[in-house]
Amino acid sequence: MERLAGRIMLFWGMKRAALAMFAGALGALALPPYGFLAALFVAFTLLVWLLDGTAGHSENGTSLGLRSSFLVGWFFGFGYFVAGLWWLGHALLLEADEFAWALPLAVVGLPAVLAVFYGLATFVARLLWSDGFGRILALAAGFGIAEWLRSFVATGFPWNAIGYGAMPIPLMMQSVHVIGLFGVTTLAVLVFSSPALLGTRRGALPGLAIAAILFLLHLGYGAYRLAVPEAVDGKQLTVRLVQPAIDQAKKLANDDREAIFRKHLELSSLPVAEGGKRPDVIVWPETSIPFILTENPDALTSIADMLQEGQVLVTGTVRSETQGAGRPPRYYNSIYVIDDKGQIVAASDKVHLTPFGEYVPFEGVLRRIGFDNLISLPGGFSAAADRTMLTLPGGLKLYPLICYEVIFPAEMTGNWAEAGAILNVTNDAWFGHTPGPYQHFQQARVRAVENGLPLIRSANNGISAVIDDRGRTFSGLSLDAQGVEDATLNVESSPKLGNNFRERNFWVIWAAVVIGAVFSRMGFIFGKN
């Protein structure tokens, strides 16, 4: 190990860049659908040794060493994001004649931008770099702050944060309930980087011992929380998930609108399995109604005819809002709750829109050079100012997250703890049979665990499922499956650990890691002097 570490530290130029990209791409194997956890141990071990090389080529933190460290992190991030996000290009190929030119921007351009955050992570780490375990703490601090920034800078895109690699199964998801995604990420980088200590020996024993203890605590808390029985107060909800698996090209063609609507009605009307309970709520996916529902009273009548007495339909739809004479209407990506009389009794609009999917950032400039939305609506979608909780007849509340809103921990705001469950409607048919739908599903599961709420997820295509508050999937439909799934879940609202509690814990962890790295850095400098 020492010989290998020494050789890697001496890498320079293109050889260093190529190894950094390889390490990042290798780390992406820890993400769904592969879940190869060991890949991140190898990836971060290589990253530490490469950064050791940049420290060795510049004394006292000169600009050369900082620049080299940033580039190592950038190449690592570029490899990680290209390997983890290449599937985004699939959406552009659905209308290749119009959007194929943008394929390099999705497959290469976006990873190049996201890699800046990992360059920042290694830049910060280099400022605190020392030898021994201190440099492991420095790297953990760098990635912790970088992933936190990635969650909100330029509207944010925390997809495939490193912490998700440490949470492939429910046993390993439970820590997120206490320390949040960024707390898990910070400690995960510490643990994943610790094998690098074997290559230099200095501080290896205490460093590896701390990493092992953290990993065992991660597993131990997961086992404990999964063993604790759910508090059952008798309040249950039976839901029917509808997954029509309609090809996205057909949805975009707009010439089969009636057939698409009828398909949803037919699936919703299927009989309940023998011995099963009649659904209280039927859930359709994101934008499943292919027209403006309020402009089509016959469709509302058809929905009322389909629903049995006391049932409600929760459906993704497009909502329009007039702005007055001479001005185009606003469009919202929305969710409606419709009762058995065909009345819309609750509604919620999407708050966090998808760039280039639902709106064009810097629209005045980018539209002039050819950028447009993948979804063709005049002016794109508008974002809601606030999220509205969905209250069902009977008083049960659902916290709505539309599509990729579910990847943002900070989207759980306001009175979310009053909800009995999280509702996530989506359409992953954009991404075909690629890793994208699997990654999206894992992040939705982590949100359920993080917030201690069950999650109801319906996808046009993707993975539709009912997930409990520990991240266990107890009923669902797999990618490409067409049909319905009935499930009964406990929805009694109970006291929750607030987001402020998790955020505070993250900052405590991050501060402790930084303090450890600073003391190590000071000892390194003064000892060297």
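**View 1. F36 sits in the loop between α2 (13-27) and α3 (38-56).** Helices here are DSSP runs of H or I with at least four residues, and strands are E runs of at least two, numbered from the N terminus. Welcome to a predicted model, in which local features need pLDDT of at least 70, side-chain atom pairs count only at pLDDT 80 or more, and totals for chains, interfaces and linings use all residues. Residues are numbered from 1 along each chain as its sequence is written, and side-chain values use heavy atoms, leaving out hydrogens and water. With a relative accessible area of 47%, F36 is partly exposed; buried means under 20%, exposed over 50%, and partly exposed in between (1.4 Å probe, protein chains only). The loop between α2 and α3 also holds P33, and the peptide bond from P32 to P33 is cis, with omega near 5°.

**View 2. Two residues in the loop between α8 (133-150) and α9 (162-165): A154 and T155.** A154 is not a glycine, yet its phi is positive, about 55°. T155, also not a glycine, has a positive phi of about 75°. Look for A154 as exposed, at 71% relative accessible area, while T155 is partly exposed at 33%.

**View 3. Strands β4 (residues 330-338) and β5 (residues 344-349) run antiparallel.** They are joined by 5 bridges; two strands count as paired if DSSP finds at least two bridges between them. Y336 faces A347 of β5 across the pair. Between the two strands of this hairpin are 5 residues, and G342 in the turn has a positive phi of about 80°.

**View 4. An open sheet of 6 strands has mixed pairing.** Follow the order β6-β7-β8-β9-β10-β11. At the edges, β6 (390-391) and β11 (473-477) each pair on one side only. Strand β10 (residues 464-467) runs antiparallel to β11, with 4 bridges between them, and A465 stands opposite G476 of β11.

**View 5. The largest nonpolar core has 119 residues.** Such a core is a set of buried Ala, Val, Leu, Ile, Met, Phe, Trp, Tyr and Cys residues joined through side-chain atoms within 4.5 Å. F44, L139, F143, L423 and I456 have the most contacts inside it. Leaving aside residues up to four places away in sequence, I456 touches several partners, including L237, V283, L398 and A465; contact means heavy atoms within 4.5 Å.
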